[in-house]
Amino acid sequence: MLSNYYSKKKKVILSALGLNFLICNIRNLNKWFLMSLPALKCWVPVLSNLRQTNHLSLFKITIFFLIQVTPIPELFLTAVKLSHDNTGARYLHLAREDKNNLFSVQFRTTPMDSTGVPHILEHTVLCGSQKYPCRDPFFKMLNRSLSTFMNAFTASDYTLYPFSTQNPKDFQNLLSVYLDAAFFPCLRELDFWQEGWRLEHEDPADPQTPLIFKGIVFNEMKGAFTDNERIFSQHLQNRLLPDHTYSVISGGDPLCIPDLTWEQLKQFHATHYHPSNARFFTYGNFQLEKHLKQIDEETLSKFQKIEPSTIVPAQKPWDKPREYQITCGPDSLATDSSKQTTVSVSFLLPGITNTFEAFTLNLLSSLLIGGPNSPFYKALIESGLGTGFSPDVGYNGYTREAYFSVGLQGIAEKDIQTVRNIIDRTIDEVIEKGFEDDRIEALLHKTEIQMKHQSTSFGLTLTSYIASCWNHDGDPVELLKLGNQMAQFRQRLKESPVFLQEKIKQYFKNNQHKLTLSMKPDDKYYEKQTQMETEKLQQKVNSLSRKDKERIYEKGLELRTQQSKTQDASCLPALKVSDIERTIPFTELDVTLAAGEIPVQYCAQPTNGMVYFRAFSSLNTLPEELKLYVPLFCSVLTKLGCGILNYREQAQQIELKTGGMTVSPHVLPDDSHLDTYEQGVLFSSLCLDRNLPDMMHLWSEIFNNPCFEEEEHFKVLVKMSAQELSNGIPDSGHLYAAIRASRTLTPAGDLQETFNGMDQVRLMKRIAEMTDIKPVLRKLPRIKKHLLNCDNMRCSVNATPQQMSETEKVVERFIKNLGRSKKERKTVRPHVIEKPAYNGSSGSTYVNGSQIIRKLITDPTFKPCQMKTHFLLPFPVNYVGECVRTVAYTDPDHASLKILARLMTAKFLHTEIREKGGAYGGGAKLSRDGVFTFYSYRDPNSIETLHSFGKAVDWAKSGKFTQQDIDEAKLSVFSAVDAPVAPSDKGMDHFLYGLSDEMKQAHREQLFAVSHDKLTDVSNKYLGIGKCTHGLAVLGPENAKIAKDPSWIIR
């Protein structure tokens, strides 16, 4: 969603801080440096001066001091560090030949209570500002821009506002809106009520209905704390760092949020959102001078320097370890109800501003917990005591002092001490034995790959990566010098082979600042939470005078009126549809037949010495009863060993020779028929070009000689997978609801539910509960016979032009070595259509050579039907999905429905579901498979939300929208259509879906041609009741109305 509280989410984005970020657009340094100079022309003398004198130069540019210019060759960028003269605002620009430019501003925000003031402020500043006083300029700019990213994040001790775009005019527009929002917000009381919390009648129009708590952040945080991993992580930080801001919940505790006043919110903004407490960041190839001028003129010139009192003091070290126990809600999908306890042991580490120490401890953490060869994996995961590592495992560098945590979840309460003993024993063993050289090399190899791999959101990755260190006055430029840190790390190891053991002894063995945290389920947990919320509500209501109650009623009506009023957004800057490129750049592809029969697509790209290999293998001959087990087969295939390698040796080779090998099931829609689809498995991997023969040899062994004998390790993998699926529901409930709602609308829908829906979650739970897992293990070789051969396969390679010749030879050799079926296997489904992907002879002038023939499944007897499902889950919020069967990609109506989905979201559903309803998110979208989906996320309502979906259809049919509204919807859709594509992913639409660039261009022209008449036409034609088949699904708590309705299936 668009505004995130992310103490946990950030770790997902940047797992293993410093290692898992992706680097893009790396080129020859000398060539790039010259290319970048026009963007830095005012510093040419300084660059020269820095090279000659080798000391810090201070160079005044208007009202900015230039502090430092630093080339960072390993990331192929130049870092320019500045300071604003009048305010002391810090500024970092990373000049890089990347057209996806990014801006961010961050503030150190250090709350001292759990009212969620920084989080609610993050929402509220985006609701209108002095220059842009309309309601919700942030959401409105999503439809007036071609941004590739817009968001805001609240971390434990800072708040970050980033955006990115490829359009210079758009950059200036967004910068103006962001600056005014952050520094000059309106902070209206009604916006605080809407975004934060309020007392309001259940029905705002009826003062006889009871008063209840409402508010977007209030409901968001209620939803956030349905996630037991989030509960554990939050308590871990609060207890390990108890002296200052980390002892509270920056996102807000739902029981404390109602203590926040509007006055306190405004005061927090006044003391924290000042340039003297700000860090500005820009990235990309746009001219820095323009950024500096605009930021100074629109913001910084209006402030004077202050001394912000936001510094986080060092945590006082403990003189002895501490222990705490907490409770959480029971997991209805747990594999064993008696094993739902989590325990971890955590250690406070040094401050994160010591960049080399942080780099070392981060690497050390990966050595300790990463993969089946790591000491803690062997000792804890393979002990059989639990289902996976505890939340927040490993190095956490997002607080002033870092910390390391390790433990297990899914254990019996009686095993807490056993786990603690194992952790202590493992630390002793590592101090004694150290690490194998190959493991250290594999980790450094991984770092090298991640520096070479090119992502499309590198600026966003960098601003997130440096945020915590910079927030505590660390040097962000030093943090980016990964080459220096790697060289220093190697040197330290060379000088002292026991370098890492000494660190473990220092920070783990002899560290008294050690926390043991355990969490066990309480069957009455949610009941108690509800009771405490009821008591809080009662306390608030009892303190109200009659006049207070009248004011609440009147304010509720006023808020509802404001929410329903048509907003004049003319004050906001906007791009025009004419600013959108009319045509797309076409990608040259070559398709050859390897070994005489297997199509291989080659796409020459500037991949920076990386090779990306993919293979797609059909599931058409697989018996139906084995389909359920395909996701499990995919998840374990590269983790059980192959050829002469056991699973540990295989993991080591994958880390040493590749950037990862993944296998995943896919259901690919046809571009022209809703009842036709392709089913298969995608094999993906990447490597440095020098390691291509080794990577392809690994694939040969996995295809020809996979190992399915490791029963004990298979059990471990099953338990971990089941736990991960269960843990993922609170963050992805809306996706599960949509998959279920679309299940009976197309033939592919049932398979999607099988592979990716709640059916798969429940299957994995059942398998993990089995005492004898052999029957499932025996299914894997049967699946292998149908899948791991080249009977129905196609391959794809993206590499540099210079690598192509050698790459072709290696891939040809791999295909020749693959097995073939001894007898021709028949497809299970009788109706198979052979469909060629477009090439030079069939309408695409940019695809040369042979054709890729896709074997699609169709079902001429399929009849869509309505199904309504309610999954009962012990959450205080709902996830709602309603799906409608519409038309395929090439139908002109598909383009109209795509624009309509964005129009309905921006102009109707956002107001009804988020602003009025209090859900964290909601909207409509059209998938490539022709299924139109309405959804809501962390929603206090369910039936009411389904009614809102119906009202949205009525609104669309009535045509109550303007040409400006349509143009804005087009801008929003095109910002997604034209999102940057990494060199590794070019040509994938052709390879997977058979879409040529000509077809995408035709669809683009259909999007441009969408008109008011076409939008009302498709609304009436597809979305109305009785027009097309609908499916509905809700994940959430018990619901009396649904329970009484026999048309609903309760699961």
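## Interface between domain 1 and domain 4

Between domain 1 and domain 4, an area of about 2200 Å² is buried, and carbon and sulfur atoms give 53% of it. The structure is a predicted model.

The domain assignment divides the chain as shown in the table.

| Domain | Residues |
|---|---|
| domain 1 | 64–311 + 537–564 |
| domain 2 | 322–455 + 466–521 |
| domain 3 | 593–830 |
| domain 4 | 866–1050 |

Taken over C-alpha atoms, the centres of domain 1 and domain 4 are separated by 28 Å. Contact between them involves 27 residues of domain 1 and 23 residues of domain 4.

Charged and polar pairs join the two sides. The count of salt bridges between domain 1 and domain 4 is three. Arg914 forms a salt bridge with Glu195, in which the closest N and O atoms are 3.6 Å apart. Between domain 1 and domain 4, ten residue pairs are in polar contact, both residues being at pLDDT 80 or more.

On the side of domain 1 that touches domain 4, the elements giving two or more residues are helix 7 (189–195), helix 8 (216–224) and helix 21 (546–564). Helix 8 provides the largest share of that side, namely six residues. By class, the side of domain 1 that touches domain 4 comprises 14 polar, eight charged and five nonpolar residues.

Methods. Residues numbered from 1 in each chain as written. Predicted model: local features only at pLDDT ≥ 70, side-chain atom pairs only at ≥ 80, totals over all residues. Heavy atoms only, no water. Domains from an automatic or database assignment. Contact = heavy atoms within 4.5 Å. Buried area = accessible area lost by both parts, 1.4 Å probe. Salt bridge = Lys/Arg side-chain N within 4 Å of Asp/Glu carboxyl O. Polar contact = N/O pair within 3.5 Å; in protein donor to acceptor, adjacent residues only side chain to side chain. Helix = DSSP H or I, 4+ residues; strand = E, 2+ residues; numbered from the N terminus. Nonpolar A, V, L, I, M, F, W, Y, C, P; charged D, E, K, R; others polar.
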